[in-house]
Amino acid sequence: MNNFFDLQPGQTKKIIISSSLIQKDSQYKINIKHIRQTYNKKIMRKTLLQLAGLLYLTSLFAATSDVNYRVVPLPNEINLQNGKAFQLDASVKIVYPAGNKKMQKNAAFLAQYMKDITGIKFKTTTKSNKRSIILNLKLKNVNPEAYRIGVNSKQIVISGSTENGVFYGIQTLRKSIPVVKAVKVVLPAAVINDAPRFVYRGMHLDVSRHFFTVDEVKTYIDILALHNINNFHWHLTDDQGWRIEIKKYPLLTEVGSKRPETVIGKNTGKYDGIPYGGFYTQAQIKDVIAYAKDRYINIVPEIDMPGHMLGALSAYPELGCTGGPYAIWRQWGISDNVLCAGNDKTLTFIKDVLTELTEIFPSKYIHIGGDECPKTNWQKCPKCQQRIKDLGLVADAKHTAEERLESYVISYAEKVLNEKGRRMIGWDEILEGGIAPNATVMSWRGMSGGIEAAKQKHDVIMTPNSYVYFDYYQTNNTESEPLAIGGYSPVKTVYSWDPQPASLSDDEKKYIIGAQANLWTEYIPTFKHAEYMVLPRMAALCEVQWTKAEQKNYADFLIRVPKIIDLYKLNQYNYAKHLYDISADFTSNPTDGTLDVSLSTMDSAPIYYTLDGTTPSEKSPVYSGTLKIKENAKLQAIIFRGSESSRLLSQNISFNKASLKPITALQPVNKSYEFKGINTLVDGLRGNNNYKAGSWIAFYGNDLEAVIDLQKDTDIQSAEINTFVSQGDWIFNARSFAVEVSNDGMNFTRMASEDYPAMKQQDPNGIFTHKLNFNAVHTRYVKVTVTSEKLIPDWHAGKGKPGYLFVDEIALN
Ligand SMILES: [Zn+2]
């Protein structure tokens with residue numbers, strides 16, 4: 001569609017298009033004054049119609065377009081000046097200091113970016129010109145990534161105290177210019193001062209579960225650069241494939257990079273029968289490092305140890321506790337087969353691999369993993385047990401001897417790295433068993449590991465799965481999404497995150513040096529899919545990483561985000577469009593006896609809806625404020641933006657005698673899965689297969705015990721609940737269900753109850769319905785009690801601990 005103007009030969013026509021066709025938004029203004037083009041008369045009408053629609057989405061073509069400096073991430077200070085604007089046209093040259101290769105590259109980047117956007121070819125030179133964009137290193141700022149942009153009618157000056165700062169100034173300028181093939185681009189006079197909030201701004205990519213080519217990794221690095229990210233965490237090895245050539249151990253890639261086939265779906269036991277593999281030679285890795293370095297991105301390589309090592313063990317079985325043979329994994333999860341910590345060969349292997357790694361990667365930080373290392377084999381292995389004895393490792397109240405043994409292995413790896421002048425990063429499990437002395441902790445299991453490490457005065461990079469695991473679903477409408485690992489992290493949640501939690505003192509907060517999002521690729525087989533998972537969540541991430549906390553504002557972000565999405569389109573990145581969809585908020589309102597529904601989207605586009613299950617059209621009612629639903633309905637809503645429509649929002653609302661009645665919890669809902677609290681159980685909404693999306697609430701270590709006030713004597717003869725079960729996530733079925741009734745809310749009579757057996761390993765996961773029928777009764781108060789699993793059975797990893805109970809609705813009829 002982008003080029004349809006250029007494709008039509010024929011007569012000359014003048015078309016006037018009013019600027020009122022464009023979204024009226026003071027933050028995002030593009031004035032289209034007139035468009036002159038050559039057309040074939042026959043296609044004119046059709047073209048005009050298409051144009052009206054297109055202009056609503058993005059302005060693709062303009063004679064003059066105004067620049068807006070409010071980009072993503074939002075700069076610290078934008079001061080518009082009174083002077084004349086700068087007109088960007090083909091006569092403008094980009095000037096860089098003679099003899100500075102990095103600045104020459106910076107100039108070339110700017111020229112390329114602006115050519116991609118405007119279609120104009122800009123010359124780069126070391127000689128000052130009448131009207132120029134001048135890049136220099138004259139900024140005095142202690143932050144090496146700070147920059148200043150000054151715009152007046154004669155020149156644009158981008159200054160940094162280092163080339164890095166200038167590069168970020170270039171990114172801001174690039175993102176300021178609207179994506180339009182323009183004759184003239186007008187830059188208002190302004191002074192912009194900017195610097196990042198965090199030193200470490202990271203983005204991760206797992207290339208073990210699925211492999212991405214050198215070209216794809218370079219595209220990923222381009223995407224990182226667009227978001228001012230300065231660290232690429234490259235997860236190179238795991239149970240499913242070893243992806244980096246190590247010259248001293250050639251079998252790592254010859255054998256360890258290949259798996260015979262891959263499990264279909266979520267460890268279904270069915271396999272695709274297709275051999276899978278791939279690795280990077282050291283020459284390719286060096287090429288990628290140089291590519292990233294040009295874009296001021298450091299690459300932090302990760303060799304995950306001592307767990308997640310089946311790639312290596314399949315090639316060198318002598319490194320394991322049993323000596324093998326080991327098969328590279330065809331499925332997902334955590335393997336019990338890990339490096340043998342009692343074997344001297346293992347230590348030599350770690351030393352050799354890390355030594356080669358430091359010879360390839362210039363990064364100050366090297367990541368050694370340290371996560372998810374089961375100790376079951378170490379407990380049985382004579383060599384590991386001998387090592388525990390030799391080192392005098394003993395269990396105490398906090399750590400087992402085997403945890404201390406892992407700490408010994410990690411500390412050994414750290415010593416190897418420290419001797420080479422490098423610093424070690426590990427996942428937050430490295431806190432277990434005592435943390436290695438100089439380690440930096442990457443906190444992934446929520447923020448608590450990072451908080452603990454900061455209190456112990458260790459540097460921390462926050463990357464909590466509760467906010468920034470980009471392999472999680474980005475919508476709660478999971479049925480229309482490609483299969484994902486689970487979870488729920490929409491753009492809004494990513495944006496809401498503050499990596500420096502309020503529970504830390506100002507002094508402790510200084511240890512939080514950065515923030516990162518992770519992309520694990522078990523369920524992400526292609527690079528286009530990877531793009532879909534990271535974009536536009538990376539836009540929200542980069543504002544968390546770069547912009548001062550007090551300047552963040554989600555509503556304002558939504559106004560600015562279309563500009564960076566225009567660059568995704570220009571570069572043909574495959575981004576997710578959920579922001580353009582309708583988000584619905586459902587609140588049970590017992591006071592009014594209604595389910596209150598509010599609908600919203602990122603812009604002011606009209607939302608058309610129906611309640612009778614018919615598909616909404618442009619003739620349907622337009623949403624104009626909270627819908628108060630009193631009876632059964634099927635809500636459907638949609639937005640039409642020109643020729644594109646949003647996804648259809650569809651929600652069944654089904655009421656019973658308990659719906660929207662006052663409900664009181666006698667035992668607390670679990671804080672992590674509380675969402676809108678106990679009212680969720682009487683809101684008329686059933687949960688789907690994503691228990692993190694808000695329609696299920698959880699009880700942990702206690703029971704669901706709640707009283708519903710039917711507000712008047714009512715006939716009931718059955719009670720029904722649904723439970724959600726996912727044993728792998730420690731979510732178990734109910735152990736019992738009971739219904740009691742009362743006319744005074746004090747003295748209850750039991751009407752029916754049932755006990756359920758503990759779950760067996762082979763029992764299925766999913767949604768289960770439990771229903772109790774009883775003799776019809778005329779009553780006002782109903783107490784429902786559903787007990788949770790208090791002792792997880794022995795066959796489960798969580799044996800002896802409580803399991804979660806998830807419930808979505810109580811139905812009384
Ligand atoms: Zn062992």
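Student: In this predicted model, how should I read the relative accessibility of Tyr673: does the residue count as buried or exposed?

Tutor: Tyr673 has a relative accessibility of 17% and counts as buried, because the cut-off for that class is under 20%. Tyr691 also counts as buried, at 11% relative accessibility.

Student: How many aromatic pairs are counted here, and how is the geometry of the pair formed by Tyr220 and Phe527 to be read?

Tutor: The count comes to 37 aromatic pairs. For Tyr220 and Phe527, the ring centres are 6.3 Å apart and the planes stand at 70°, so the pair is edge-to-face, a class that requires planes over 60 degrees apart. Tyr220 belongs to helix H4 (residues 214–226) and Phe527 to helix H16, so their pairing ties together parts of the chain that are 307 residues apart in sequence. Tyr220 is buried, with a relative accessible area of 1%, and Phe527 is likewise buried, with a relative accessible area of 7%.

Student: What class of pair do the rings of Tyr673 and Tyr691 make, and where do Tyr673 and Tyr691 lie?

Tutor: Their ring centres are 5.9 Å apart with the planes at 55°, so this pair is tilted. Tyr673 and Tyr691 both lie in the loop between S33 and strand S34 (697–700), and the pair links parts of the chain that are 18 residues apart.

Student: Which residues form one aromatic cluster with Tyr220 and Phe527, and which rings have the charged ends of Arg201 and Lys266 over them?

Tutor: The cluster consists of Phe211, Phe212, Tyr220, Phe232, Trp234, Tyr280, Phe361 and Phe527. As for the charges, Arg201 lies over the face of Tyr168, 5.2 Å from the ring centre, while the charged end of Lys266 sits over the ring of Tyr523, at 5.8 Å from its centre.

Student: What is the phi of Lys457 and of Leu660, and is each residue buried or exposed?

Tutor: Lys457 is a residue other than glycine with a positive phi, near 65°, and it lies in the loop between helix H12 (448–455) and strand S23 (460–462). Leu660, which is not a glycine either, has a positive phi of about 60°, and its place is in the loop between strand S32 (649–653) and strand S33 (663–665). Lys457 is exposed, with a relative accessible area of 52%, whereas Leu660 is buried, with a relative accessible area of 4%.

Student: How do helices H17 and H18 pack, and what is the handedness of their crossing?

Tutor: Two packed helices are described by the angle between their axes and by the distance between those axes. H17 and helix H18 (residues 554–570) pack at an angle of about 120°, with their axes 10 Å apart, and this makes H17 oblique to H18. The crossing in which H17 passes H18 is right-handed. At the contact, Ala539, Ala540 and Glu543 in H17 meet Phe557, Arg560, Val561, Ile564 and Tyr568 in H18.

Technical notes:
Residues are numbered from 1 along each chain as its sequence is written. This is a predicted model: local features need pLDDT of at least 70, side-chain atom pairs count only at pLDDT 80 or more; totals for chains, interfaces and linings use all residues. Side-chain values use heavy atoms; hydrogens and water are left out. Helices (H or I, at least four residues) and strands (E, at least two) are DSSP runs, numbered from the N terminus. Buried means under 20% relative accessible area, exposed over 50%, partly exposed in between (1.4 Å probe, protein chains only). Rings of Phe, Tyr and Trp (its six-membered ring) pair if their centres lie within 6.5 Å; planes under 30 degrees apart count as stacked, over 60 as edge-to-face and the rest as tilted. A charge sits over a ring if NZ of Lys or CZ of Arg is within 6 Å of the ring centre and within 35 degrees of the ring normal. Axes are lines fitted to C-alpha atoms, for helices over the stretch in contact, and angles run from 0 to 180 degrees between N-to-C directions. Angles under 35 degrees count as roughly parallel, over 145 as roughly antiparallel, 65 to 115 as roughly perpendicular and the rest as oblique. A crossing is left-handed if the near helix is turned anticlockwise from the far one by less than a right angle, and right-handed if clockwise. Contact means heavy atoms within 4.5 Å.
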